[in-house]
Amino acid sequence: MGVITYSMEITSAIAPSRMFKALVLDSHNILPKIVPEGIKSVEFIEGDGGVGSIKQTNFGESSHIKYTKHKVEALDADSFYCKYTMIESDIKFDKIDFIIEEVKFVAAGSGCVCKMTSEYHVKEGCELKEEDIKKGKDRAMGLYKAVEEYLVANPDLCA
């Protein structure tokens with residue numbers, strides 16, 4: 001099994017505490033409101049959002065994917081850090097065993113930088129193309145920007 005690591009940074013005009021709350025701590029309430037056509041619901045299968053919790057995201061009818069399940073591996077609200085593992089999806093993982101995601105929001109002026117690192121644990125003998133990874137990251141960037149716009153328009157939300 002090989003591991004492919006992909007990192008990216010996204011800047012935002014929003015403070016790290018607000019972005020972290022919207023995208024991590026309160027995502028189960030916020031995301032379906034912001035992008036109801038993309039994310040139908042987010043629910044806890046196990047736990048309440050802390051370490052060890054399993055969260056299922058159910059996607060909208062137009063999505064190429066129906067659901068994903070993530071297990072929270074580490075969570076530090078004081079430093080705006082979260083690490084989780086995608087453990088299940090309705091899309092057959094024919095090349096990937098699992099994906100580990102790390103997200104950290106760092107203050108930058110009055111906004112923040114979101115630093116994301118993904119580890120794709122590829123099955124033995126399989127090859128994962130960078131353009132396939134980029135497609136997923138482009139979707140994540142779209143969600144991030146939608147959340148940012150929503151928080152700009154609603155300055156009291158996640159304050």
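**View A. Glu 88 is partly exposed, with 32% relative accessible area.** Buried means under 20% relative accessible area, exposed over 50%, and partly exposed in between, using a 1.4 Å probe and protein chains only. This is a predicted model: local features need pLDDT of at least 70, side-chain atom pairs count only at pLDDT 80 or more, and totals for chains, interfaces and linings use all residues. Residues are numbered from 1 along each chain as its sequence is written, and side-chain values use heavy atoms, with hydrogens and water left out. The side chain of Glu 88 meets that of Lys 69 in a salt bridge, 3.7 Å from N to O. The pair links distant parts of the chain: Glu 88 sits in strand β5 and Lys 69 in strand β4, 19 residues apart. A salt bridge here is a side-chain nitrogen of Lys or Arg within 4 Å of a carboxyl oxygen of Asp or Glu. Side chains of opposite charge can pair when their charged atoms come close.

**View B. Lys 69 lies in strand β4, residues 67-76.** Helices (H or I, at least four residues) and strands (E, at least two) are DSSP runs, numbered from the N terminus. Lys 69 counts as buried, at 18% relative accessibility. Contact means heavy atoms within 4.5 Å. Leaving aside neighbours within four places in sequence, Lys 69 is in contact with Ile 45, Ile 54, Lys 55, Gln 56, Thr 85, Met 86, Ile 87 and Glu 88. One of these, Gln 56, has Lys 69 as its bridge partner in β4.

**View C. Seven strands form an open, antiparallel sheet.** The order is β1-β7-β6-β5-β4-β3-β2. β1 (2-12) and β2 (39-46) stand at the edges with a single partner strand each, so one side of each has no neighbour in the sheet. From one strand to the next, the twist averages 25°. Two strands pair if DSSP finds at least two bridges between them. β1 and β7 (residues 111-122) pair in the antiparallel sense over 11 bridges. There, the bridge partner of Thr 5 in β7 is Glu 119.

**View D. Helix α1 (residues 16-25) packs on the sheet.** α1 touches β1, β3, β4, β5, β6 and β7. Its direction makes about 155° with that of β6 (96-108). Axes are lines fitted to C-alpha atoms, for helices over the stretch in contact, and angles run from 0 to 180 degrees between N-to-C directions.

**View E. Strand β3 (54-59) is largely enclosed by the rest of the structure, because six of its six residues are buried.** Ile 54, Gln 56 and Asn 58 are buried on one side. Lys 55, Thr 57 and Phe 59 are buried on the other. In a regular strand the side chains alternate between the two faces of the sheet. Six bridges join β3 to β2, and five join β3 to β4. Both pairs run antiparallel. Asn 58 of β3 is the bridge partner of Ser 41.

**View F. Lys 40 and Glu 61 form a salt bridge.** Their closest N and O atoms are 3.4 Å apart. Lys 40 lies in strand β2 and Glu 61 in the loop between β3 and β4, so the pair ties together parts 21 residues apart in sequence. Lys 40 counts as partly exposed, at 49% relative accessibility. Glu 61 is exposed, at 73%. A search of the whole structure finds three salt bridges.

**View G. Helix α2 (residues 27-34) has five named residues in this view: Ser 27, Ile 30, Leu 31, Pro 32 and Ile 34 are its buried residues.** Their cover includes α1, β2, β3 and α3.

**View H. Helix α3 (residues 130-153) lies across β1, β2, β6 and β7.** α3 runs at about 30° to β1. The helix has 24 residues and reaches 34 Å from its first C-alpha to its last, close to the 34 Å expected at 1.5 Å a residue. That expected span is 1.5 Å times one less than the number of residues. Ile 133, Lys 137, Tyr 144, Val 147, Glu 148 and Leu 151 are buried in α3. Their cover includes β1, α1, α2, β6 and β7.

View I. An α-helix has 3.6 residues a turn, so residues three or four places apart point the same way. Lys 145 is partly exposed, at 29% relative accessible area. Glu 148 is buried, at 12%.
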